[in-house]
Amino acid sequence: MENQGKLIKEFDAETNGVMSLCCGVENGEPVVYSGGMDGKIKVWDVNGELKGELKGHEDTVNTLTIVGDDLVSGGDDALVIRWNLKNREPKYQLTARGAVNKVVLANSDSILATCDDDGQLSLFQMDDDKGEEIITFSASLDSLNTIEVHEEDLWSGGDDGFLRKWMGFTKFRSAADCVPECNIEVIENCDDVVMINILKVCGRVLYCGLGHREPLVQARNAVTGEIIGAIRSSDWCRAICPTATRTYTAYDDGSILFWENSDDDSAPFPSPSSLSSDHPADAIMDLTLVGSVLVSTSDEALRFISC
């Protein structure tokens with residue numbers, strides 16, 4: 001089934017690829033933050049009008065998240081920057097051990113977790129006016145591409161194809177604490193390359209976007225990691241955007257699938273539909289939804305799609 005999405009606006013990003021997205025609110029109005037390969041973070045309204053820029057990174061901005069009234073970003077320059085969104089200036093910056101692929105906020109609202117290409121997980125104390133590293137430890141021998149919080153636990157995934165759960169991670173203070181509760185091979189007994197590209201939690205479901213010769217999006221129990229469903233796709237899944245009513249997924253071939261969320265956790269993929277819009281089929285790197293506007297990004301364009 002196909003649902004035609006209306007393209008509101010498109011920006012050429014050939015020389016300034018956009019790799020990350022995050023939605024927020026400024027002056028009571030919804031906005032979108034985009035992180036680029038030039039190190040700039042741009043601020044857009046839902047009509048695709050540029051409202052401002054944040055400058056502080058020296059390389060690609062891979063990840064963005066809201067912390068209280070502020071924005072936190074991480075990038076290939078190994079910087080984690082906390083931004084004051086009122087004046088769009090950095091409050092402070094921290095240096096991670098390697099290129100930062102993902103930042104997520106713990107439910108405590110003051111501890112931030114990051115993952116990097118060297119397979120390391122780092123925890124930072126993020127107070128309003130200052131931050132400091134709590135601990136960094138090796139969580140994988142390969143690159144860690146993604147992390148996601150569920151209640152008091154952290155899930156991680158990367159190029160080794162293993163999903164790991166770090167129970168009570170905000171209390172980690174020594175190497176002895178840093179032991180995963182479980183190691184799950186997302187495709188068992190597989191001799192091919194399997195990569196976990198993206199993790200997202202929606203309620204009690206943990207979605208895993210996989211890179212494999214037969215690409216999959218898996219749905220797993222967010223507590224146990226037990227698999228409860230999967231859908232095959234035409235290409236690798238790079239972005240997952242769960243909302244209260246719908247979940248959107250995006251792929252390397254430019255396609256976007258969505259489904260209406262079910263109250264039945266044992267059936268997480270009720271009749272996926274395809275969202276089509278009038279744009280080229282280039283690999284989508286991130287998605288975010290602001291109201292009824294879906295924003296997608298790739299290394300070629302930033303698109304605002306009414307859905």
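Analyst: Let's go through some aromatic residues and what their labels rest on. This is a predicted model, where local features need pLDDT of at least 70, side-chain atom pairs count only at pLDDT 80 or more, and totals for chains, interfaces and linings use all residues. Residues are numbered from 1 along each chain as its sequence is written, and side-chain values use heavy atoms, with hydrogens and water left out.

User: How many aromatic pairs are there, and what makes a pair?

Analyst: Rings of Phe, Tyr and Trp (its six-membered ring) pair if their centres lie within 6.5 Å; planes under 30 degrees apart are stacked, over 60 edge-to-face, and the rest tilted. That rule gives five aromatic pairs.

User: How do you know whether Tyr248 and Phe258 are buried or exposed?

Analyst: Buried means under 20% relative accessible area, exposed over 50%, partly exposed in between (1.4 Å probe, protein chains only). Tyr248 has 2% and Phe258 has 5%, so both count as buried.

User: And what about Trp83, buried or exposed?

Analyst: Trp83 has a relative accessible area of 0%, so by that cut-off Trp83 is buried too.

User: What makes the link between Trp83 and Ser73 a polar contact?

Analyst: A polar contact is a pair of N or O atoms within 3.5 Å; within protein, one must be able to donate a hydrogen and the other to accept it, and residues adjacent in sequence count only if both atoms are side-chain atoms. The side chains of Trp83 and Ser73 make such a contact at 2.9 Å, within that limit.
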